[in-house]
Amino acid sequence: MSNLVLKDINKIYPNGFHAVHNFNLEIKDGEFIVFVGPSGCGKSTTLRMIAGLEEISKGDFLINGERANEKSPVERGIAMVFQSYALYPHLTVYDNLAFGLTLEGVDEDVIDEKVQRIAGILGLTDYLDRKPKALSGGQRQRVAVGRAIIRQVDIFLMDEPLSNLDAKQRVTMRSEITQIHRSTHATTIYVTHDQTEAMTMADRIVVMKDGYVQQIGTPEELYFNPCNLFVGGFIGEPPMNFITGKIKGNDITFDKNSNKLDASKTRYKLADGDVYFGFRPENISMKPIENGYKIHALATLTEMLGDSTNIYIEMDQDTVILKVDPHDAPKMDEEFDFYLPYDKVYLFDKESENVLKEK
Ligand code: ATP
């Protein structure tokens with residue numbers, strides 16, 4: 001069992017590029033942490049510093065209270081699954097799973113029992129005699145995960161392990177990894193650029209951008225209380241809508257749109273200035289509500305998805321998406337009213353992009 005502490009961790013590559021800035025995080029024993037952010041934000045670099053594959057330029061990394069900056073990956077008690085499965089092509093599934101244990105000189109009977117157990121958990125029992133080239137992408141990925149968890153390490157690191165799989169396999173493997181984590185309780189750090197993976201798997205999510213941590217929190221905290229425009233737009237699908245506007249007194253106006261709303265109804269302390277007015281596509285009602293804005297709109301495009309319909313409208317110079325029940329959806333080019341609850345509005349300062357302070 002392991003808890004991890006990252007204290008002011010920085011990575012400056014030999015070419016002078018500062019890839020990670022003052023990363024601070026305490027990870028509790030058995031926690032499932034997801035690093036999420038767009039390509040190049042520094043999530044793999046941070047994971048590789050934790051793994052011991054990349055030197056920590058500045059800061060302290062502690063495992064169970066003990067400084068581990070200089071420890072090798074093996075001394076850290078870490079297993080890692082990469083995006084490329086890195087299986088041994090000439091070995092069978094059985095031997096790929098057994099490889100680490102064989103190297104450690106573990107008894108053959110013990111190895112067999114562990115391989116059979118892991119193969120059972122991962123649905124690989126029927127494929128133990130096959131070589132990797134005779135497996136599907138999903139099956140290969142399961143072997144890679146199996147090879148890592150068979151060693152029963154305390155810390156399990158995964159770098160975009162599902163990115164080579166198709167959409168359906170990703171959904172299946174997502175829940176399998178969650179199940180495996182439930183049964184092993186290994187402290188897990190999982191890197192992805194996919195917010196759905198982050199939201200569905202994590203105990204806590206670390207959102208990164210340009211080498212800086214933007215926000216750390218549970219999926220609920222990030223969804224309901226994003227600290228800035230980036231987190232608001234990154235978490236949630238379709239993303240949060242943002243409309244540029246101006247606050248003057250209690251009013252918010254939108255440059256090209258005739259809508260003028262009473263901003264004092266929101267939960268924020270107001271000050272005159274430019275803001276982004278944010279709301280989530282799913283947080284609107286097509287029927288009148290008591291505590292909400294009534295907004296008139298024109299449907300420029302509708303997308304029927306089965307369980308919901310996305311309606312595209314233009315507000316100010318911004319395209320806005322509304323997610324509604326298909327039975328309530330207007331037709332394309334139809335004018336309609338929708339209702340936005342006051343407490344579902346987010347206001348962000350236009351310059352700093354931080355959420356405004358609440359009352
Ligand atoms: P991706 O999802 O594309 O893997 P990432 O968030 O994991 O992105 P990193 O791989 O951590 O990003 O890279 C962070 C930044 O550091 C990038 O701008 C990358 O170009 C840079 N970088 C990575 N490795 C090196 C290196 N060896 N030398 C210099 N810069 C590097």
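**Charges and strands**

Modeller: Let's start with a network of salt bridges that links Lys11, Arg48 and Glu54. A salt bridge here is a side-chain nitrogen of Lys or Arg within 4 Å of a carboxyl oxygen of Asp or Glu.

Colleague: Before we go on, what am I looking at?

Modeller: This is a predicted model, where local features need pLDDT of at least 70 and side-chain atom pairs count only at pLDDT 80 or more, while totals for chains, interfaces and linings use all residues. Residues are numbered from 1 along each chain as its sequence is written, and side-chain values use heavy atoms, with hydrogens and water left out.

Colleague: OK. How many salt bridges does the count come to by that rule?

Modeller: The count comes to 12 salt bridges. One of them joins the side chains of Glu70 and Arg67, with N to O at 3.1 Å.

Colleague: Glu70, is that exposed or buried?

Modeller: Glu70 is exposed, at a relative accessible area of 64%. Arg67 is partly exposed, at 41%. For the cut-offs, buried means under 20% relative accessible area, exposed means over 50%, and partly exposed is in between (1.4 Å probe, protein chains only).

Colleague: Which residue forms a salt bridge with Lys287?

Modeller: That's Asp328, and the closest N and O atoms are 3.6 Å apart. Lys287 sits in the loop between β14 (273-279) and β15, and Asp328 in the loop between β17 (318-324) and β18, so the pair ties together parts that are 41 residues apart in sequence. Asp328 is partly exposed, with a relative accessible area of 30%.

Colleague: And what does Lys294 form a salt bridge with?

Modeller: Asp337, with the closest N and O atoms 3.8 Å apart. Lys294 is in strand β15 and Asp337 in strand β18, so this pair ties together parts 43 residues apart in sequence. Lys294 counts as exposed at 52% relative accessibility, while Asp337 is partly exposed at 27%. Helices (H or I, at least four residues) and strands (E, at least two) are DSSP runs, numbered from the N terminus.

Colleague: How are β15 and β18 joined?

Modeller: Seven bridges join β15 (residues 292-304) to β18, and the two run antiparallel. Two strands pair if DSSP finds at least two bridges between them. Within β18, Tyr339 is the bridge partner of Lys294. Five of the seven residues of β18 (residues 335-341) are buried, so the strand is largely enclosed by the rest of the structure.

Colleague: Switching topic: what about β9?

Modeller: Five of the six residues of β9 (residues 204-209) are buried, so β9 is also largely enclosed by the rest of the structure. Strand β3 (residues 32-36) is joined to β9 by four bridges, running parallel, and Phe35 stands opposite Val206 there. Five bridges join β9 to β10 (residues 212-217), this time antiparallel, and Val206 stands opposite Ile216 in β10.

Colleague: Which residue takes a positive phi in the hairpin of β9 and β10?

Modeller: Asp210, with phi near 50°. That hairpin has two residues between the strands.

Colleague: And the open sheet, in what order do its strands come?

Modeller: Four strands form it in the order β2-β1-β4-β5, with antiparallel pairing. At the edges are β2 (18-27) and β5 (66-67), each with a single partner strand, so one side of each is left without a neighbour in the sheet.

Colleague: What joins β4 to β5?

Modeller: Two bridges, with β4 (residues 58-63) and β5 running antiparallel. Ile63 stands opposite Glu66 in β5. Phe61 is another residue to look at in β4: Phe61 is buried, with a relative accessible area of 0%. The C-alpha atoms of Phe61 and Asn10 are separated by 11 Å, although these residues are 51 apart along the chain.

Colleague: How about the chain as a whole?

Modeller: The chain has nine helices and 19 strands. Of its 359 residues, 49% count as buried. The C-alpha trace spans about 75 × 45 × 35 Å along its principal axes.
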